[in-house]
Amino acid sequence: MEHPRTRAASITVSLTAGLLLGLVGPVSENWDNLDSVSLVFSGGWSWVCYAFLVGYFYKSKIDSALMSSLGLVIGVVAYYLFKYVNPAAPAGLEFGASSEGLLSRILAWGIAAFVLGVPVGIMGNLARVSGVRGLPFRLIVPLAAFLETSMRLAVEADGQGPVVGVTWSVIRFAAGVVALALVSHTGWSWWHARRVRSPEGEEHHAKESVASV
């Protein structure tokens, strides 16, 4: 059974990370030379990545789903509260606007975040399974990043400025590299394990063990 202090620490880390996720994007918008940071942490794939990692580091599927969802909700609340009190408000939400629009945004996106966190958190937990069975789940984040940035480059990149296009291109390239690395590593591990289990591999392994004695 997990020690109460260890569990409390893991919960604190997960929820604090969710809070930071919601703040990094809008906070970086107000700093020069941090446009790329804002683009990275305001993208949907980064929120998927957060929920996935939270789910990955919990052993229980229930904890993976619940903590991922709660962390995303905290991130949504932090995001919109910061946008509300900050003069650099998003389109459609002016500084000092009534809290009615704010609450509706938090409610709508909070529900969406909670619903999204459940399956993504569970997929993060299932990604702990070694070998080919866990590979599809380990590919969730790079696939989400690749698809989102590809769509944005095709639809939104024109007129956005060079920083935006370069940032999305770098993210897409990195996502492709990570996906390829995951597939290659899993394929090599599967081939190596199969080779060891074969009669020739077992004989070779036995000879190596005798030689090392």
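1. Buried here means under 20% relative accessible area, exposed means over 50%, and partly exposed is in between (1.4 Å probe, protein chains only). Helices are DSSP runs (H or I, at least four residues), numbered from the N terminus.

2. Some ground rules: this is a predicted model, where local features need pLDDT of at least 70 and side-chain atom pairs count only at pLDDT 80 or more, while totals for chains, interfaces and linings use all residues. Residues are numbered from 1 along each chain as its sequence is written, and side-chain values use heavy atoms, leaving out hydrogens and water.

3. On to the salt bridges (a side-chain nitrogen of Lys or Arg within 4 Å of a carboxyl oxygen of Asp or Glu). The structure has four of them. One joins R7 and D63, at 2.9 Å from N to O. That pair links distant parts of the chain, with R7 in helix α1 and D63 in helix α4 (residues 61-85), 56 residues apart. R7 is partly exposed at 31%, whereas D63 is buried at 14%.

4. E29 and K83 also pair up, at 2.6 Å from N to O. E29 sits in the loop between α1 and α2 and K83 in helix α4, so the bridge ties together parts 54 residues apart in sequence. K83 is buried, at 4% relative accessibility, while E29 is partly exposed at 37%.

5. R152 bridges to E156, with the closest N and O atoms 2.9 Å apart. Shared partners join E148, R152 and E156 into one network.

Definitions and conventions: Helix = DSSP H or I, 4+ residues; strand = E, 2+ residues; numbered from the N terminus.
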